[in-house]
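Could you walk me through this protein model in plain words?

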Amino acid sequence: MLAPAKHQISVEEYYRMAETGVLDPDARVELIDGQIYDMSPVGPFHGSVTDFLTQFFVLAAKGRWVTRVQNPTRLHNFSEPQPDIMLLKPSANFYRRRHPQPEDVFLLVEISDSSLDKDRNIKLPAYARAGILEVWIVDLNEQTIEVYRQPNFAGYAEKTILREGDKASPQSFPDVMVDAAELLKR
């Protein structure tokens, strides 16, 4: 007897599902490794931390990157997650013709509370397999910033956990320092 196989949904099929009404156009979902996942609601603390980091990165950019908030990145033909924040290579057209791809990403940030398990166990491995160079998971529950670098097919070779008193800097921009205590202040 054969084990039942899962059908992987491609990005194109995913978009067709939305266009034809199979997926509600307002549905908060994302496609990861051919599976459609519901996205968690954004609570006040999550929204506030997203706004803090967005403003911080926009002001610090000075033309060195584009800050993109809660928009898709195309990892491959079966994955188009929507991270909370990305720092992207500058693009003359601001990615109007395509979503950013792994080679466009300097830093990807997931802000996690109820989504922590999915962010660590589903999204993070997908980001590593796609070659996203650096991912931060801002754990609102533990009030830490998990910094992941050196992607490979099995995950990230380097993981650092930052707490109050520490500062986080994107590897591509070491002069830009986010104070963990200020970011995670309730």
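**A walk through the fold**

Let's start at Thr-144, which counts as buried because its relative accessibility is 5%. Buried here means under 20% relative accessible area, exposed means over 50%, and partly exposed is in between (1.4 Å probe, protein chains only). Before going on, keep in mind that this is a predicted model: local features need pLDDT of at least 70, side-chain atom pairs count only at pLDDT 80 or more, and totals for chains, interfaces and linings use all residues. Residues are numbered from 1 along each chain as its sequence is written, and side-chain values use heavy atoms, with hydrogens and water left out.

Thr-144 sits in strand β7. Strands (E, at least two residues) and helices (H or I, at least four) are DSSP runs, numbered from the N terminus. Setting aside neighbours within four places in sequence, Thr-144 is in contact with Ile-137, Val-138, Asp-139, Ile-161, Leu-162, Arg-163 and Leu-184. Contact means heavy atoms within 4.5 Å.

Now zoom out to the sheet. It is an open sheet of six strands in the order β3-β4-β5-β6-β7-β8, and the pairing is mixed. Two strands pair if DSSP finds at least two bridges between them. Strands of a sheet pair through backbone hydrogen bonds, either parallel or antiparallel. Which strands are at the edges of the sheet? They are β3 (66–69) and β8 (155–162), and each pairs on one side only. On average, neighbouring strands of this sheet are turned by 20 degrees against each other, direction ignored. For angles like this, axes are lines fitted to C-alpha atoms (for helices over the stretch in contact), and angles run from 0 to 180 degrees between N-to-C directions.

Two helices lie across the strands. Helix α2 (residues 44–61) lies across β3, β4, β5 (105–112) and β6 (134–139), and runs at about 160 degrees to β5. Helix α3 (residues 116–130) lies across β5, β6, β7 (144–152) and β8, and runs at about 175 degrees to β6.

Next, look at Ser-112 in strand β5. Is Ser-112 buried or exposed? Ser-112 counts as buried, because its relative accessibility is 0%. The side chains of Ser-112 and Asp-119 are joined by a polar contact of 2.5 Å. A polar contact is a pair of N or O atoms within 3.5 Å; within protein, one must be able to donate a hydrogen and the other to accept it, and residues adjacent in sequence count only if both atoms are side-chain atoms. Beyond four places in sequence, the contacts of Ser-112 include His-46, Ile-137 and Asn-141.

What about the greasy parts? In soluble globular proteins, nonpolar side chains tend to be buried together. A nonpolar core is a set of buried Ala, Val, Leu, Ile, Met, Phe, Trp, Tyr and Cys residues joined through side-chain atoms within 4.5 Å. The largest one has 26 residues, of which Leu-53, Phe-57, Trp-65, Trp-136, Val-138 and Ile-145 touch the most other members. The elements giving two or more residues to this core are α2, β4, β5, β6, β7 and α4 (180–183), and α2 gives the most, with six residues. A second, separate core of 18 residues includes Leu-88, Ala-128, Tyr-148 and Tyr-156.

On to the rings: there are seven aromatic pairs in the structure. The rings of Tyr-14 and Tyr-15 have centres 5.9 Å apart and planes at 80 degrees, so this pair is edge-to-face. The rule is that rings of Phe, Tyr and Trp (its six-membered ring) pair if their centres lie within 6.5 Å; planes under 30 degrees apart count as stacked, over 60 as edge-to-face and the rest as tilted. Tyr-14 is buried at 9% relative accessibility, while Tyr-15 is partly exposed at 33%. Phe-57 and Trp-65 also form an edge-to-face pair, 6.3 Å centre to centre with 80 degrees between the planes. Phe-57 is buried at 0%, and Trp-65 is buried at 4%. Ring pairs link Phe-56, Phe-57, Trp-65, Phe-106, Trp-136 and Phe-173 into a cluster.

Finally, a backbone detail. Most residues other than glycine have a negative phi, and most peptide bonds are trans. Tyr-95 is not a glycine, yet has a positive phi of about 60 degrees; you'll find Tyr-95 in the loop between β4 and β5.
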